[in-house]
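Here is a friendly briefing to read alongside the model. Have a look at the fold, and then follow the topics below.

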Amino acid sequence: MGPRCLAAAALAALAFLFAAPAIGQQAALTAKQSDALAAYDRALASFKAVLAERRGQIEAKQPLPNLPGQALYLARVAVISSYKDLTDAVPSRIGKPNKFEIPPAYFDAEIEPLVDEYGRLFDIMEAPPADAQNSATPFKDVVDLAVAIARAKGLSPAQADAAGRISLGLFFAETNGKQNVRNGRSNTYMGSLQTGPSEDRNGRRKWEAIKPAIAAADPDLSARDDKEEARARGTDHRFNHWTNVRDGLMNAHAELFAEIPAIVKVLPDPIDQMKLFELIQIVPTPTRSALRSGNLLDYRVSDATVMRHLRNNSIFAFGQADRGRTSASFRDILGAMWLFNRKFERAMAKYAEIKAR
């Protein structure tokens with residue numbers, strides 16, 4: 001075979017390779033597959049539309065609707081849900097990994113730029129108020145407060161360090177590590193640990209009760225607290241980073257610091273430990289019951305309200321199979337919290353930086 005024939009054969013083979021996927025894509029879809037594809041296309045178009053609408057309103061300085069992030073959130077959930085339904089129906093649609101570490105069966109990496117825009121819009125909508133009282137050391141504050149509280153509750157230095165690491169994970173889970181933010185999906189929960197007014201007041205009362213023990217053990221931290229308390233006087237304490245973290249931890253999480261030794265034995269993975277404490281924020285009552293049961297991972301919840309709260313926080317929220325669940329064990333719940341993994345990995349990296357200093 002001459003050179004020209006070889007070249008022609010090579011071009012023909014290359015053309016076949018490029019044509020093969022197209023031929024495969026043209027294969028007839030079943031009715032269920034066609035419906036799944038159409039549903040994803042509609043969800044994706046809706047997501048693009050609401051992103052463009054909100055961006056246009058912001059750039060035109062138009063008034064935003066109440067809870068301006070809710071429509072964005074629901075549109076993103078619909079995209080992920082419908083994509084999971086599509087890949088369940090057409091497994092060949094599962095693509096490459098994505099930078100958000102979402103399982104590829106739930107997310108098409110090609111739409112990463114849309115989710116980047118989603119994040120930028122939330123940064124704008126949730127920007128702190130003008131009078132928010134920032135800290136120059138927001139991450140260290142979280143760790144220092146958690147360690148001091150844990151030590152006052154009798155934990156060893158190593159156990160208190162675990163409390164600091166877990167609490168930093170909560171900061172990233174609630175706000176991506178941004179201090180004093182508002183909430184695009186709620187008019188109630190605000191600040192670095194996203195507390196409501198009653199939770200903030202409750203945490204403050206508990207802090208006042210433990211403050212003498214902390215002052216005796218750590219005078220420097222107590223002096224910093226006095227300064228922040230004076231600075232926040234007459235304002236919403238949720239928009240002073242220090243006082244919101246302090247009161248948020250005292251409200252719900254500090255009472256479980258004493259359980260850390262037992263939790264670490266059952267959940268040796270630090271990220272699983274963070275997930276469990278985040279569940280104290282999301283579904284506190286069943287999480288406490290699971291801890292008391294003596295069989296944390298196999299403890300099962302079946303209450304419809306609890307399942308709804310989980311879905312509203314991106315757990316069992318995506319796809320018909322997940323959303324159809326009527327019950328789940330805590331092993332299942334921790335496994336379904338994959339959307340938190342990237343946040344907790346960032347918290348772990350930041351914690352390592354703090355400890356290295």
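Before the helix pairs come up, a word on geometry: axes are lines fitted to C-alpha atoms, for helices over the stretch in contact, and angles between N-to-C directions run from 0 to 180 degrees. This is a predicted model, in which local features need pLDDT of at least 70 and side-chain atom pairs count only at pLDDT 80 or more, while totals for chains, interfaces and linings use all residues. Residues are numbered from 1 along each chain as its sequence is written, and side-chain values use heavy atoms, with hydrogens and water left out.

**Helix packing**

- Helix H5 (residues 138-152) packs against H16 with the axes 10 Å apart and an angle of about 80 degrees. Helices (H or I, at least four residues) and strands (E, at least two) are DSSP runs, numbered from the N terminus.
- That angle makes H5 roughly perpendicular to H16; the classes are roughly parallel under 35 degrees, roughly antiparallel over 145, roughly perpendicular from 65 to 115, and oblique for the rest.
- On the H5 side, Phe139, Lys140 and Val143 meet Lys350, Tyr351 and Ile354 of H16, where contact means heavy atoms within 4.5 Å.
- By class, this contact of H5 with H16 has four nonpolar, no polar and two charged residues. Here Ala, Val, Leu, Ile, Met, Phe, Trp, Tyr, Cys and Pro count as nonpolar, Asp, Glu, Lys and Arg as charged, and the others, Gly among them, as polar.
- Helix H11 (residues 270-282) and helix H12 (residues 284-292) have axes that come within 6 Å and cross at roughly 135 degrees. H11 and H12 are therefore oblique to each other.
- H11 brings Leu276, Leu279, Ile280, Gln281 and Ile282 to this contact, and H12 brings Pro284, Thr287, Arg288 and Leu291. The residues of the contact of H11 with H12 divide into six nonpolar, two polar and one charged.

**Salt bridges**

- Side chains of opposite charge can pair when their charged atoms come close. A search of the whole structure finds 26 salt bridges, each defined as a side-chain nitrogen of Lys or Arg within 4 Å of a carboxyl oxygen of Asp or Glu.
- Asp161 and Lys355 meet through their side chains in a salt bridge of 3.4 Å, N to O. Because Asp161 lies in helix H6 (residues 157-175) and Lys355 in helix H16 (residues 341-356), the pair ties together parts that are 194 residues apart in sequence.
- Asp161 is partly exposed at 26% relative accessibility, and Lys355 is partly exposed at 45%. The cut-offs are under 20% relative accessible area for buried, over 50% for exposed, and partly exposed in between (1.4 Å probe, protein chains only).
- Lys206 and Glu255 form a salt bridge, with the closest N and O atoms 3.3 Å apart. Lys206 sits in helix H7 (residues 197-217) and Glu255 in the loop between helix H9 (241-253) and helix H10 (260-266), so this pair ties together parts that are 49 residues apart in sequence.
- Lys206 counts as partly exposed at 29% relative accessibility, and Glu255 is partly exposed with a relative accessible area of 39%.
- Glu229 and Arg246 form a salt bridge whose closest N and O atoms are 2.9 Å apart. Glu229 lies in helix H8 (residues 219-232) and Arg246 in helix H9, so parts 17 residues apart in sequence are tied together.
- Glu229 counts as buried at 17% relative accessibility, and Arg246 counts as buried at 0%.
- A network of salt bridges links Arg204, Lys211, Asp225, Asp226, Glu229, Arg246 and Asp247.

**Nonpolar cores**

- In soluble globular proteins, nonpolar side chains tend to be buried together. A nonpolar core is a set of buried Ala, Val, Leu, Ile, Met, Phe, Trp, Tyr and Cys residues joined through side-chain atoms within 4.5 Å.
- The largest nonpolar core has 62 residues, of which Leu168, Phe257, Leu279, Leu310, Ile315 and Ile333 touch the most other members. H6 supplies the largest share of this core, nine residues.
- Not counting residues up to four places away in sequence, Phe257 touches Ala146, Ile149, Ala150, Leu155, Ala163, Ser167 and Phe277.

**Two single residues**

- Ser329 is in strand S2 (residues 328-329) and is buried, with a relative accessible area of 7%.
- Ser329 touches Leu297, Asp298, Tyr299 and Arg300, not counting residues up to four places away in sequence.
- Ala78 has its place in helix H3 (residues 70-89) and counts as partly exposed at 33% relative accessibility.
- Ala78 and Ala43 are 35 residues apart in sequence and 5.9 Å apart in space, C-alpha to C-alpha.
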